[in-house]
Amino acid sequence: GGTEKVKNAVSKSGICDAASAAIMDHLLNLGKCLRKREAASFAGRSVNDIVNPLLGMAGVNIHQDTPTEILHTILLGVVKYFWGQTVYILDKAHLLGTFQTRLESINKDRLNSPMLGVDYIVQFKGSLIGKHFKSLAQVLPYLIYDLVPRTVLKWWTAIGELVVLLWHTQIDNVKEYLANLSQMIEDFLSISSQCAPSILFTKAKFHFLLHLPMFIRRFGPAILFSTERFESFNHIFRLTAIYSNHQAPSRDTCQVFSEQDTVKHIVSGGFWLDPKTRAPRKAGNSIHTYMHDHPEQHHLIGIPAVVQREVGEFSVCQVNIMLLHYDLQRHLGQVPVIYHHNKTRAA
């Protein structure tokens, strides 16, 4: 088996690497376990029934079409790892107070976020998010220059330069930019190996950095395929789960959005089918009057504040179009039973 092949290779070459031996043993044991469970796992199914069909889709190359995401790889990855190490060093040396004082007094004029939230960063140092790490990566070398070992300071200096390079919105000279980025990544990994050699083996995100130049050459600046701007919408989803038991959060979220769209449809003059009379119905004039007298409600439910006509009122052009559409569907045997009157425009 594989174990014997490895032993024979070691005997022939005379090379025995103790560091990689444990990894090889783990892989061999994992392969044995997978082969034992292969028959039970497939249960009469083929490999194509189990493997994600996207992996075999024509025109899709998973390795080239799934770029490295800088928010989770850089800020919530390598920066977060070394932030934990730095905080441990400062806390052990009783220097967190000094660090907090320096962070409060630093000049924030050139930062994108003038409010660093110093008290929050120090108090909840283990629960920071991307925006905190982005700011810390830029200012930390000026705060800990005499509080941490020299290698840690060099690491923060390197990550600060790397963050500046990656958060580019425009690249004028791609060849020069990628050369500088590749050199910066190599320097960063070299410094990381001096600070914590084992972290390069245990954390795959350090390896992902090596693929960034290729993805930037293929897709453009890394910020274009970053998920950072979408993370802000997590707040919206959390709000929908306030009264949820968190047993089926996706269902509860969809239910809340559905109810909100129903309210928007009704107050904006939309029609719905009465289940008893089987006739289209709409909200009364009192609803329209209330919405007209309270424009702030338009903003809350996400509809335009300017209403150009009364609820249910159509222009002559719109009526003709509706009648023509109705006659066409009646001719085809598809008589409509519900109409929508959302966001109509004047003819």
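The questions below go from the whole chain to single contacts in this predicted model.

Trainee: How many helices are in the chain?

Mentor: The chain has 347 residues, of which 29% count as buried. Its secondary structure includes 2 strands. The number of helices is 18.

Trainee: What share of the contacts with a separation of 6 or more comes from residues 24 or more positions apart?

Mentor: Contact here means heavy atoms within 4.5 Å. Among the contacts in the chain with a separation of 6 or more, the share from residues 24 or more positions apart is 62%.

Trainee: At roughly what angle do the axes of α4 and α7 cross?

Mentor: Helix α4 covers residues 70–92 and helix α7 covers residues 130–139. Their axes come within 10 Å, and the crossing is left-handed. The angle is roughly 65 degrees.

Trainee: Which residues of α7 make the contact with α4?

Mentor: The contact divides into 7 nonpolar, 1 polar and 2 charged residues. From α4 come Leu71, Leu75, Leu76, Val79, Lys80 and Trp83. The residues on the α7 side are Gly130, Phe133, Lys134 and Leu136.

Trainee: How many residues apart are Asp65 and Arg218, and where do they sit?

Mentor: A search of the whole structure finds 4 salt bridges. In one of them the side chains of Asp65 and Arg218 meet, at 2.6 Å from N to O. Asp65 is in helix α3 (residues 62–65) and Arg218 is in helix α12 (residues 212–219), so the pair links distant parts of the chain. The separation is 153 residues.

Trainee: Is Arg218 buried or exposed, or in between?

Mentor: Arg218 has 43% relative accessibility. Because buried means under 20% and exposed means over 50%, a value in between is classed as partly exposed. Arg218 is therefore partly exposed.

Trainee: In the salt bridge of Arg251 and Asp252, which residue is buried?

Mentor: The two side chains meet at 3.3 Å, N to O. Arg251 has a relative accessible area of 55%, so Arg251 is exposed. At 14% relative accessibility, the buried residue is Asp252.

Trainee: How far apart are the closest N and O atoms of Arg281 and Asp274?

Mentor: Arg281 is partly exposed at 45% relative accessibility, whereas Asp274 is buried at 10%. The two residues form a salt bridge, and the closest N and O atoms are 3.0 Å apart.

Trainee: Why does Thr240 count as buried?

Mentor: Thr240 is found in helix α14 (residues 234–240). Not counting residues up to four places away in sequence, Thr240 touches Thr253, Val256 and Phe257. The cut-off for buried is under 20% relative accessible area. Thr240 counts as buried because its relative accessibility is 9%.

Trainee: What is the length of the polar contact that joins the side chains of Thr240 and Thr253?

Mentor: A polar atom of the Thr240 side chain also lies 2.6 Å from the backbone oxygen of Phe237. For the polar contact that joins the side chains of Thr240 and Thr253, the length is 3.2 Å.

Trainee: How far apart in space are Leu27 and Gly2, C-alpha to C-alpha?

Mentor: Leu27 is found in helix α2 (residues 18–42) and counts as partly exposed at 49% relative accessibility. Leu27 and Gly2 are 25 residues apart in sequence. Their C-alpha to C-alpha distance is 9.7 Å.

Methods. Residues are numbered from 1 along each chain as its sequence is written. This is a predicted model: local features need pLDDT of at least 70, side-chain atom pairs count only at pLDDT 80 or more; totals for chains, interfaces and linings use all residues. Side-chain values use heavy atoms; hydrogens and water are left out. Axes are lines fitted to C-alpha atoms, for helices over the stretch in contact, and angles run from 0 to 180 degrees between N-to-C directions. Helices (H or I, at least four residues) and strands (E, at least two) are DSSP runs, numbered from the N terminus. A crossing is left-handed if the near helix is turned anticlockwise from the far one by less than a right angle, and right-handed if clockwise. Ala, Val, Leu, Ile, Met, Phe, Trp, Tyr, Cys and Pro count as nonpolar, Asp, Glu, Lys and Arg as charged, and the others, Gly among them, as polar. Buried means under 20% relative accessible area, exposed over 50%, partly exposed in between (1.4 Å probe, protein chains only). A polar contact is a pair of N or O atoms within 3.5 Å; within protein, one must be able to donate a hydrogen and the other to accept it, and residues adjacent in sequence count only if both atoms are side-chain atoms.
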